[in-house]
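Colleague: I would like to go through this model feature by feature. Please give the general idea each time, then the case at hand.

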Amino acid sequence: MKVTFPHMGHMYICLKAMLRYLDIDIVVPPKSSKRTLTIGTQHSPEFACLPLKLNLGNFIEAHEKGADTILMAGGVGPCRFGYYAQIQREILKDLGYEMNMVVLEPPERHISELLVRIKKVTGNKPWTDVVKAIRFAWYKARAVDELEQRAHKLRPREKEPGRVDELFKQALEWIDEAEDREQLNENLKRMRREFARIPADYTRKPVRIGLVGEIYVMLEPFANLEIERHLGRMGVEVERSIYLSEWINDHLFMGLLKVKGSKEARNSAPPYINHFVGGHGQETIGSTVRFAREKYDGVIQVQPFTCMPEIVAESILPTVSRDFGIPTFCLIVDEHSGDAGVLTRLEAFVDLLARKKDKTGEVKGEVECVDI
Ligand code: SF4
C-alpha cells in the first residue's frame, strides 16, 4: 500500500510526519501546479469548484508516482465538500485508475470515530503509536502556523525585500525534516533566531488586512495565487481568519484542543448570519466583524468560483462593510485566474486602504467584487 493525500497548503508536512512515524509507505504528490490544474480540470465537471479539480490532479500525479491509496477528508453540511471524495473516486475509476480511497469523515459524537477511520490505513499498529503519530503531526501543524504568522508580521517591515521569503522556504524544510519532537523544537528555535536576524523597521505602521473565505483557497498558495506573499511585498500586514492547526482541530478533533478555532468567528456572525451555511460562510462574516472591531484597515474574501457558502457570505458582506465602515474586497479564483489581473486589483485595493489610513474616516467601506 502506498498512501497519498491531497495538497492543501502545507498540510502535507503534517500528514507525511504522521504516516512516516507509523512506517507507512507514502507518496507526496508534486506541489500543485499548472499541470495539476490542467489534469484536474480536464477530468472534472465544469462547474465543480477549484479544490475538487486541483485535488483530482494531485491524485493522478501521485498515481503516476506509484500511489494506490488516497487519504481524503470528508465533510458535512450543505456544501459540495461532503460528496467530493465519492465523485473523485468515480472519476478515477472511470479513467481506469485503481486507487482505494479512505475518507476521514469528521467525527459526529466522539473522537474515537476518527481513530477508527485512520486505522484503515494504519492497520494493526498499536493505538498508542497512532496517537503519538497524530500528536507529532499536530505539533508540526502548530510549527507551520507559527512560521506563517511570523512571516506575515515581518514581510511588510523587512528592509531587504525577499529575505523573509527565503527564510520561510528554508524554515518549512526544517519543520518538514524534523524526525521527532526534540528536533522539531530545535529547528523552531533556529527559525526564531533567524527571523530575529532579518533587518526590519519596526516603526513602520503597515496597512493591515484580514483574509477571510473558503478554507482551501485560503491555505493553498497555488490556488490563491500567493496572495499573502504578494500583499506582504506590497507592504501589507496580513492576518488570516483561520490557520491549519485550527482547521484540523475544528474539522477532525471536534474542537477539543485548546487553540483558537472558528467558534469565536461563528459567535460574531449574528445578526448577519445566524446559522451554518456550509463551508466557512458563517466564519467569513464573523471574522470580518472581528477584523473590523480590531481596527483592521480592510478585509479580503477569497473564494473559488461557484463556492456556495462564500456566495452567501459575499451577498452579506456589503452590509457588514457599511455598518462597520471597513472596506472589503472579494477575489474569486478558478482555473482561468492569472497573476497579472490579481496583482493589479490588489494594488488598487491596497492603495485605497493606504489613503484611508492617511485621512482616517474619509473613505467609507464598500465592496468591490472581482471575478478574475
Ligand atoms: S466550501 Fe465552497 S469550494 Fe469548498 S467544497 Fe464547499 S462549495 Fe466547494
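Colleague: Which residues in H14 are buried?

Modeller: A word on the source comes before that. This is a predicted model, in which local features need pLDDT of at least 70, side-chain atom pairs count only at pLDDT 80 or more, and totals for chains, interfaces and linings use all residues. Residues are numbered from 1 along each chain as its sequence is written. A residue is buried if 20 or more other C-beta atoms lie within 10 Å of its own, exposed if 12 or fewer, and partly exposed in between, with C-beta atoms placed from the backbone. In H14 the buried residues are Pro309, Glu310, Ala313, Glu314, Leu317, Val320 and Ser321. An α-helix has 3.6 residues a turn, so residues three or four places apart point the same way.

Colleague: How many residues has H14, and where is its kink?

Modeller: Helices are DSSP runs (H or I, at least four residues), numbered from the N terminus. The expected span is 1.5 Å times one less than the number of residues. H14 covers residues 308-324, 17 residues in total, and reaches 25 Å from its first C-alpha to its last, close to the expected 24 Å. Its kink of about 35° is at Ile316, shortly before Pro318; the bend at a residue is the angle between axes fitted to the seven residues ending there and the seven starting there. Just after H14 comes Gly325, with a positive phi of about 65°.

Colleague: At what angle do the axes of H6 and H7 cross?

Modeller: Two packed helices are described by the angle between their axes and the distance between the axes. Axes here are lines fitted to C-alpha atoms, for helices over the stretch in contact, and angles run from 0 to 180 degrees between N-to-C directions. For H6 (residues 127-154) and H7 (residues 163-177) the crossing is at roughly 175°, and the axes come within 11 Å.

Colleague: Which residues of H6 and H7 meet?

Modeller: Contact requires C-beta atoms, placed from the backbone, within 7 Å of each other. From H6, Lys140, Ala143, Val144, Leu147, Ala151 and Leu154 meet Val164, Phe168, Ala171, Leu172 and Ile175 of H7. By class this contact has 10 nonpolar, no polar and one charged residues. Nonpolar covers Ala, Val, Leu, Ile, Met, Phe, Trp, Tyr, Cys and Pro; charged covers Asp, Glu, Lys and Arg; the others, Gly among them, are polar.

Colleague: How do the axes of H7 and H8 cross?

Modeller: The axes of H7 and H8 (residues 181-197) cross at roughly 170° and come within 9 Å. That makes H7 roughly antiparallel to H8. Leu167, Ala171, Trp174 and Ile175 in H7 meet Leu184, Asn187, Arg190, Met191, Glu194 and Phe195 in H8. Here the classes are seven nonpolar, one polar and two charged.

Colleague: Why does Gly57 count as buried?

Modeller: Gly57 counts as buried because it has 27 C-beta neighbours inside 10 Å. Gly57 is found in H3 (residues 50-64), where 14 of the 15 residues are buried. Not counting residues up to four places away in sequence, Gly57 touches Thr36, Leu37, Ile39 and Gly40. H3 is followed by Gly66, with a positive phi near 105°.

Colleague: Why does Arg20 count as partly exposed?

Modeller: Arg20, in H1 (residues 11-21), is partly exposed because it has 15 C-beta neighbours inside 10 Å.

Methods. Helix = DSSP H or I, 4+ residues; strand = E, 2+ residues; numbered from the N terminus. Contact = placed C-beta atoms within 7 Å. Parallel < 35°, antiparallel > 145°, perpendicular 65-115°, else oblique.
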